[in-house]
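Please read them with the sequence and the structure open beside you.

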Amino acid sequence: MYKMIIIDDEFFIKEGIKQTINWNDYGIDIIGEAENGEEGLELVKSLKPDIIITDIRMPIIDGVEFMKRIREEGINSHLIVVSAYDDFDYVKTALKCGASNYILKPIENQELINTVIEVVKKIENENKMNQYYQRLKSEITNYKKQLVRDIIIGNIDDDNKIRENIELFGLSLSEYLVISIRIQRYKDLIVSYSTEDIHELKSLIENYIINTILVPCGNGGFFIDKDHDEWVVILNVDSKNYDIDNIKQQCYYFVKRVINRFDKFNFNLSVGISNLHNSYNQINLAYKESFIVSHYNIFPNVSTIGLVT
């Protein structure tokens, strides 16, 4: 069963969603409800539902702010937004904040059922992708990592040779970008904290790379730890649905989640995102782009996300 909660300040909307559809028939268990974004936020943090149906306009905390906050908390629940406003700006904002679908009031039962079924399929696919990336992470040998490092730094520049090595990861690149992720002032960090703490932080970063960047953003990809303080993500993208704003937004959530989750550390992260490339022998160039913008810090002691301009 997939867990679902409903957040809406209109009593009859909540009751209609709950009472007029037999959700058990669709593998859904309604585990809670709230009447405003503030209550909903606490409920979501406590119950960690798979699916959230939420209004966009609510008292105290509106739907947009609610969605931003749960993403910053590291909660990956799928969001179905309902609203009485047929407004493109609302739709755009909701989708940017991670909504899976957008439904207009009055809600028709069959439309809602179809939407939830569609979201369940997305969840199942994401679960499979997550398992794939976790397995890939555990199976990457030091030999494979070194091959990728050689490609990234330009030691291997033959297009066919690079393609052969990338295909060892079960990946065929069409169009892609490279993301460089660095821990700022790493040398200070290893002096101030234990080896166990550093290991825990790195493990957290790698899990969030999978959950927050690779699974939501990509059409396939992988990452390696290039150095003690740096990870490199090669993200395959579908150029027809390419949305750099979404990738940047996910990188923002990635940074917020890592920092919030490991708040006992005094540290920051730098993220650099390359241009889009379509040739295997441009991986080194893409990495250089991401590396350069990841080092562009205007303000000291602040986490940054940089794009090539």
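1. Leaving aside its neighbours within four places in sequence, S290 is in contact with V178, I179, S180, G272, I273 and S274, where contact means heavy atoms within 4.5 Å. S290 is found in helix α11, and it is buried, with a relative accessible area of 0%; buried here means under 20% relative accessible area, exposed over 50%, and partly exposed in between, with a 1.4 Å probe and protein chains only.

2. Before going further, please keep in mind that this is a predicted model, in which local features need pLDDT of at least 70 and side-chain atom pairs count only at pLDDT 80 or more, while totals for chains, interfaces and linings use all residues. Residues are numbered from 1 along each chain as its sequence is written, and side-chain values use heavy atoms, with hydrogens and water left out. Helices (H or I, at least four residues) and strands (E, at least two) are DSSP runs, numbered from the N terminus.

3. Strand β6 (residues 175-183) runs antiparallel to β8 (residues 230-237), and 8 bridges join them. Within this pair, I179 has V233 of β8 as its bridge partner, and R182 stands opposite E230 in β8. Strand β6 also pairs with β9 in the antiparallel sense, over 5 bridges, and there the bridge partner of I181 is V271. Strand β6 is mostly covered, since 8 of its 9 residues are buried.

4. Helix α9 (residues 195-217) packs with α10 at an angle of about 155°, with their axes 10 Å apart. The two helices are therefore roughly antiparallel to each other; angles under 35 degrees count as roughly parallel, over 145 as roughly antiparallel, 65 to 115 as roughly perpendicular and the rest as oblique. The crossing of α9 past α10 is right-handed, a crossing being left-handed if the near helix is turned anticlockwise from the far one by less than a right angle, and right-handed if clockwise. Residues in this contact include L201, L204 and I205 of α9 and N246, I247 and Q250 of α10. By class, the contact has 13 nonpolar, 3 polar and 2 charged residues, where Ala, Val, Leu, Ile, Met, Phe, Trp, Tyr, Cys and Pro count as nonpolar, Asp, Glu, Lys and Arg as charged, and the others, Gly among them, as polar.

5. Another open sheet of 5 strands has the order β2-β1-β3-β4-β5, with parallel pairing. Its edges are formed by β2 (28-34) and β5 (99-104), each with a single partner strand, so one side of each is left without a neighbour in the sheet. The twist in this sheet averages 20° from one strand to the next. Strand β4 (residues 78-83) runs parallel to β5, to which 5 bridges join it, and V82 has I103 of β5 as its bridge partner.

6. Helix α5 (residues 109-139) lies across β1, β2, β3, β4 and β5, running at about 180° to β5.

7. The axes of α5 and α9 come within 10 Å and cross at roughly 140°, and the two helices are therefore oblique to each other. In this contact E126, M129, N130, Y133, Q134 and K137 in α5 meet E206, N207, I210, N211, L214 and V215 in α9, and the residues divide into 5 nonpolar, 4 polar and 3 charged.

Terms used. Pairing = 2+ DSSP bridges. Axes fitted to C-alpha atoms, helices over the stretch in contact; angles between N-to-C directions.
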